[in-house]
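The following note comments on a single chain and is arranged as numbered points. Please read it alongside the structure shown here.

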Amino acid sequence: FPDLLGAAYEFLIKYFAESAGKKGGEFYTPAPVVQLMGKILKPAMDAEICDPTIGSGGLVINMRNYVEARYGTARNLTIHGQELKDGIYKMCVMNMIFHGIRNANIQQGDTLLDPRLVENGQLRKYDIVVANPPFSQNYTTAGMKFKERFTNWMSQKKQADFMFVQHMIATLKDNGRMAVIMPHGVLFRGGEEQRMRKRLIDQGILECIIGLPP
């Protein structure tokens, strides 16, 4: 087991998440879901990967493990991410260190208000974007940067889900691929969320939806 330290740290994060109950989703995504996303996205040997709501970093670490297992090395990967909460941000940075990922660029801040992963004044674009954003969050437009990311403006009360999706789409390269975990409510609610679903289908952005059991 070459990655003993990293595995031990992930075990502790999992234990912490389970002990925290429902709030555990803030910093931990169940391993089978993470592995499924890796198999769907199949990142290339030199992929540029981003998780805009990175939490403790499990999704991007799984992408790196997938590349290492398939190609024998993950040295050429680019791993970026952003996390809002200070404690979880620190957990993520530690997780990268324990897994031997020395070149990850992890920023702290609110992804919807102030995306920190920029290049020459523009949002950085990626081959792979993957996320498990916080569900049913409030958000604000006061002081928001890069408003051009958003075509559909959701209710600011507990409907930030599709705002995160639009940010992810805006940070994809033309041939990029993404996978995102969403609560089932985004599939059924009307109003602006319904118009967003129609746009995703009409513009050929959406390839498939996988419904996961509890």
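1. Helices are taken as DSSP runs of at least four residues, numbered from the N terminus. The model under discussion is predicted. In helix H3, Glu68 and Arg64 are four residues apart, and therefore about one helical turn separates them. The two form a salt bridge whose closest N and O atoms are 4.0 Å apart. Glu68 is partly exposed at 36% relative accessibility, whereas Arg64 is buried at 13%.

2. A second salt bridge joins Arg124 to Glu48, at 3.2 Å from N to O. Arg124 lies in the loop between strands S5 and S6 and Glu48 in strand S1, so the pair ties together parts 76 residues apart in sequence. Arg124 is buried, with a relative accessible area of 14%.

3. Arg124 also meets Glu119 in a salt bridge (3.9 Å, N to O); Glu119 is partly exposed at 45% relative accessibility. Through shared partners, Glu48, Glu119, Arg124, Asp127 and Lys173 are joined into one network. The whole structure holds 12 salt bridges.

4. Strands S6 (residues 126–131) and S7 (residues 172–180) pair in the parallel sense over five bridges. Between them the chain passes through helix H5 (residues 161–170), in a right-handed β-α-β crossover. Val130 stands opposite Ala179 in S7.

5. Val130 is also among the residues with the most contacts inside the largest nonpolar core, which has 24 residues. Helices H2, H3 and H4 and strand S6 each supply at least two of its residues, and H3 gives the most, with six.

6. Ile40, in helix H2, is partly exposed at 44%.

Methods: Residues are numbered from 1 along each chain as its sequence is written. This is a predicted model: local features need pLDDT of at least 70, side-chain atom pairs count only at pLDDT 80 or more; totals for chains, interfaces and linings use all residues. Side-chain values use heavy atoms; hydrogens and water are left out. Buried means under 20% relative accessible area, exposed over 50%, partly exposed in between (1.4 Å probe, protein chains only). Two strands pair if DSSP finds at least two bridges between them. A crossover is right-handed if, with the strands pointing away from the viewer, the path from the first strand over the helix to the second runs clockwise. A nonpolar core is a set of buried Ala, Val, Leu, Ile, Met, Phe, Trp, Tyr and Cys residues joined through side-chain atoms within 4.5 Å. A salt bridge is a side-chain nitrogen of Lys or Arg within 4 Å of a carboxyl oxygen of Asp or Glu.
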